Amino acid sequence: MSELSHVDGEGRARMVDVSAKSDTTRIAVAGGELLTTAEVVALVRADDMPKADVLSTARIAGIAGAKKTSELIPLCHQLALSSVQVEFGFTEDTITIEATAKTKGPTGVEMEALTAVAVAGLTLHDMVKAVDPAATLNGVRLLTKEGGKQGHWVRPAAGHVHEVSAATESAAHASEAATESAADSTSHVSEGTANNAAPEPVSNTYSAVVVVASTGAAAGTRIDTTGPVLTEWLAGLGFSVRGPLVYADADITVGLADALRLEPSLVISTGGTGASPTDATPEATLAVLTRELPGVAEAIRQRGTAKFPLAALSRGVAGLAGRSVVVNLPGSPGGVKDGMAVLEPLLDHLLAQVAGGGSHDNN
């Protein structure tokens, strides 16, 4: 068994001596979610809660929490944080939280990112408890980290995730809940895949980011349903998933940059692919692509057009941004379903090629 770094030879807690380690750029991304009611989600998105400015308050609290990590967790080192970002997303009954912490130094910044999520989530709970005292903070977990001896790390496949609820459930209960959740997700997303068969997991652990281009969803005037469907589907295939990240159409360039900053294996966007003057996703995507995959985009269009002629108006593109595969899907549930059906049999082979592992023999 590996030696526990925070315990000395006599079993006593210690702070690890990192003075011999070299300084490297360290980045960590953590996530979590506040499970509440659809009413609360609508009120928060409309900035109409009794305690006003909920998200701004929670964001500031998360950043402050990251700065205080070494005071809250006894064996953590004091770090000179260069950046802390806290972002929120929404599903029908959930407020998602994602925190990114950066530093340059001899030790990692994972605990700072996790603390930011936890404190932001607890602040959200405090702000909404008057309307929903039963709200629950769930799934505080590390998503990715960068730097140091281990280099790039992404959270393992969904079936192996041990979700940790917010200091209210034991590790055993959290692990059991995560396993049941992964099984439920696989059962649910299989209904939307080709032939209604359960999806085959990809051959390796890959990371994915889902980006939603929707001015209405970003403003809180409509609820996006495409992003959560894609997130569940990818998790069921074994991906470590960030998102959905929701951006206004005018901000999709920023959204794609955010999605690509940790060089994920796959980025799937929805929305902004039509002919409206505000639809800018294809142009923003082409600006970051190093190579196009025109056959993938055309296959998605053809599948949609076979059932709905107006699907031909989608201008979505697909290609490679370095070693990240980027695919645009329309912002409709039907368009996303068509995209999933086209992509599922291609992803394992495509990602293996992009990663330099050659093709997989499926015969």
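**Entry 1: a pair of strands.** I started with strand E1 (residues 24-35) and strand E4 (residues 136-146), which run antiparallel and are joined by 8 bridges. I picked out Val 29 and found it opposite Thr 144 in E4.

Entry 2: Which order do the strands take? I read E2-E3-E1-E4-E5, an open sheet of 5 strands with antiparallel pairing. Strand E2 (81-90) and strand E5 (153-154) are the edge strands, each pairing on one side only. Then I looked for what packs on the sheet and found helix H4 (residues 110-128), which touches E1, E2, strand E3 (94-105) and E4. The direction of H4 makes about 25 degrees with that of E1.

**Entry 3: the core.** The largest nonpolar core has 32 residues, and I noted Val 44, Val 86, Phe 88, Ile 95, Ile 97 and Leu 124 as the ones touching the most other members. Elements giving it two or more residues include helix H1 (38-45), helix H2 (54-67) and H4. Which element gives the most to this core? H4 does, with 8 residues. I also went through the contacts of Phe 88: leaving out residues up to four places away in sequence, Phe 88 touches Leu 55, Ala 58, Arg 59, Ile 95, Thr 96, Ile 97, Ala 120 and Leu 124. Apart from this core lies another, of 28 residues, with Leu 230, Trp 233, Ala 297 and Val 327 among them.

**Entry 4: another sheet.** I found an open sheet of 6 strands with mixed pairing, in the order E7-E6-E8-E11-E10-E9. Strand E7 (240-247) and strand E9 (291-292) are at its edges; each has a single partner strand, so one side of each has no neighbour in the sheet. Inside the order, strand E8 (residues 266-270) pairs with strand E11 (residues 324-329) in the parallel sense, over 5 bridges. Val 267 has Val 326 in E11 as its bridge partner. Helix H9 (residues 281-288) packs on this sheet, touching strand E6 (207-213), E8, E9, strand E10 (318-321) and E11. I get about 170 degrees between the direction of H9 and that of E11.

Entry 5: Mean pLDDT for the protein is 81, with 78% of residues at 70 or more. Where does pLDDT stay under 50? I marked residues 158-201, for which the model has 48 contacts beyond four places in sequence. Low pLDDT means the predicted coordinates should not be read in detail.

Definitions and conventions:
Residues numbered from 1 in each chain as written. Predicted model: local features only at pLDDT ≥ 70, side-chain atom pairs only at ≥ 80, totals over all residues. Heavy atoms only, no water. Pairing = 2+ DSSP bridges. Helix = DSSP H or I, 4+ residues; strand = E, 2+ residues; numbered from the N terminus. Contact = heavy atoms within 4.5 Å. Axes fitted to C-alpha atoms, helices over the stretch in contact; angles between N-to-C directions. pLDDT = per-residue confidence, 0-100. Core = buried A, V, L, I, M, F, W, Y, C linked by side-chain atoms within 4.5 Å. Buried < 20%, exposed > 50% of the residue type's maximum accessible area, 1.4 Å probe, protein only.
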